[in-house]
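Dear colleague,

I am handing over the structure below, and after it you will find notes on what turned up in it. Please read them with the structure open beside you.

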Number of protein chains: 2
Amino acid sequence: MVEATTSPSRSAGRRVREADEPRESLIARFGADKPLQLDAGVSLSPFQIAYRTYGTLNAARTNAVLVCHALTGDQHVVGRHPVTGKQGWWETLVGPGKPIDTERYFIICPNVVGACMGTTGPSSINPKTGQPWALDFPVITIRDMVRAQAMLLDHLGIDSLFAVAGGSMGGMQVLQWCASYPQRVFAALPIACATRHSAQNIAFHEVGRQAIMADPEWKGGRYETEGGNPTRGLAVARMGAHITYLSDAALHRKFGRKFQDRANPTFSFDADFEVESYLRHQGISFVERFDANSYLYLTRAMDYFDLAADYGGVLSNAFKDTPTRICVISFTSDWLFPTSESRAIVHALNAAGARVSFAEIVTDKGHDAFLLEEPELFGIVRGFLDGAGRARGLA
Amino acid sequence: MVEATTSPSRSAGRRVREADEPRESLIARFGADKPLQLDAGVSLSPFQIAYRTYGTLNAARTNAVLVCHALTGDQHVVGRHPVTGKQGWWETLVGPGKPIDTERYFIICPNVVGACMGTTGPSSINPKTGQPWALDFPVITIRDMVRAQAMLLDHLGIDSLFAVAGGSMGGMQVLQWCASYPQRVFAALPIACATRHSAQNIAFHEVGRQAIMADPEWKGGRYETEGGNPTRGLAVARMGAHITYLSDAALHRKFGRKFQDRANPTFSFDADFEVESYLRHQGISFVERFDANSYLYLTRAMDYFDLAADYGGVLSNAFKDTPTRICVISFTSDWLFPTSESRAIVHALNAAGARVSFAEIVTDKGHDAFLLEEPELFGIVRGFLDGAGRARGLA
């Protein structure tokens, strides 16, 4: 039994309950007849997917674009975020007349499995106990996220996507879509990503997880039932990760060694430098909208991602005979997912005989460039989708 | 009143008391008549410096080499470490017949002010209260460390150093020596360092400090008097910092995505990947030998370091008319102190008309290369010191 409802908007409420009744979102509920089979060898049932859509599905159902969000993103691509009140995370690229044009395409963005904005995750209620899942929630993978998304498309009656697009962890999902469901993807835009997480990236994630688990308020993950919230650990995790999203040059341009509101050092441990108060703000604001256990699960999913490993260690086999047009995009100053990772994708796609184009965009903005004002990115995405749209027969 | 004594070796004892009675070390005590003037505008008195020496000072007192240690280093350059039982941190480079040859030179390595291995720092006893200083200890700078070292040389009756050498924070001290006491330094070896800490490096340090301060056992720095030890926070700080000491390539070579003691993922939050258990080990072993408050103070000193700022913003003025021969060394894969930082030092030295040589060593070992088996480094250090030794008239 599957049903979709729009949840009522609420004027207030704890962040965590967004997990059950996400505001400004649609919900697809999958009952006992539709379990989600997980790579961990267990199935998740019942579960729900919270998602948002923008634009209109055409009569032929051929103009759907799936947008996949990154680690700390969610379904609120465009429009006011119900928790933060801020704009959507991809307003730069998605909207009327924008490269991912809501006047031409029907955009769907689901919150991924394991997250905390309405799709089932560790802060959702475990029906067996009536309590939040916490660490009893099964460890999920990028492939599990994509498998759930495919079930959402079935539910929506969309056989084939015009395009799937995303950056970072979203790009990993795009690549997994190309591998798992090539016949359902006409065009794909994996941005600032890789087919597997490097040892350095696993290491950074592990530090973040250890920061959360070191917080006594984490309580073995049972903070929601036992009371508490590991906000200090989660803030430290966010601060560390945030550095990896920017480039040294971007930090230097933004902050240099400028002191905060004064001309000289205070000779103290206050936030003396602007970059320190910026980071502290990043940490503090993050914990207001994100769940610590979800952070553990989603970083783990990224760590486990290794597309070639599922195909005998040969990456090109993941894309064998793919009919999908793929445009790979990287940024010169992205040291989390450097261009060499994108080149490896392109080489595998070439070896598989795929229709692939590749752009390395020169910018000093680092990994987060995919979220920022980056005109060359906009031009490339628009051009790629226009071309694919003509091939697909879209007006 | 100044006195030097060898402290008795003890078979056991809490790490923190190493702060008062360091084993295997000499101590120089500076009384009320010899205060250490600090950049923060206060003076530290009394204070002590724990140090080790290797080799023999010649009759002319012209063969002294000052070795400056890095953030988490100490005076135990060579020989068994009294706390860890491990070898000294620069056994690769210092010893009989080695590039910094203990048969030719008299090597002195003091523990820096603010540290925790016997030189006065936040875990030392504040004579006014009879309790550890904790955060009442004044914030110190690289220049303060060097000023204290100059007092140690006065105490030892050494007017002029044959050489001063160090990597990372040790390299910062070397540069400060060249600026503060050019007439006392015949040759200098700043390795893998910079004349100022970048915004990115400040950011990484700030995450480490926040991890420590987020640990409830830190107790506003008063963990020694109030009971407790912020080992979890300090371990997280160490884990994060440790990633920056290595290169992505080195991590990949060492660990890749190899699983720990098994062939497949566990689908859990155990240390699944070898790089995770390696990092956890780094964190756990670090807290056994290092003090959390010292970590705050020494990272702060590095953040504040900005040599040009003390000379009207013109770096070359820091080296004006310097008689010192300087050999600057960087490593290609060091992203904490990239070669561009060393080039800036070289340009300033050139502008100042200094005798400077520069070597960028090709290695994938990252920042920590200065501590590792790196034959090209050994050859360059040996060659530079040999040449300087001939000019100095050393046998």
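This is a predicted model: local features need pLDDT of at least 70, side-chain atom pairs count only at pLDDT 80 or more; totals for chains, interfaces and linings use all residues.

Residues are numbered from 1 along each chain as its sequence is written, and chains are lettered from A and ligands numbered from 1 in the order in which they are written.

In chain B, the axes of helix α5 (residues 231-245) and helix α7 (residues 274-287) come within 8 Å and cross at roughly 130°; axes here are lines fitted to C-alpha atoms, for helices over the stretch in contact, with angles running from 0 to 180 degrees between N-to-C directions, and helices are DSSP runs (H or I, at least four residues) numbered from the N terminus. α5(B) is therefore oblique to α7(B), since angles under 35 degrees count as roughly parallel, over 145 as roughly antiparallel, 65 to 115 as roughly perpendicular and the rest as oblique.

Helix α8 (residues 292-304) of chain B, with 13 residues, reaches 19 Å from its first C-alpha to its last, close to the 18 Å expected at 1.5 Å a residue, where the expected span is 1.5 Å times one less than the number of residues. α8(B) is mostly covered, with 13 of its 13 residues buried, that is, having 20 or more other C-beta atoms within 10 Å of their own, where 12 or fewer would be exposed and anything in between partly exposed, with C-beta atoms placed from the backbone.Chain B gives 43 residues and chain A 42 residues to their contact, two residues being in contact if their C-beta atoms, placed from the backbone, lie within 7 Å. α3(B) gives the most to the side of chain B that touches chain A, with 11 residues.

Definitions and conventions: Helices (H or I, at least four residues) and strands (E, at least two) are DSSP runs, numbered from the N terminus.
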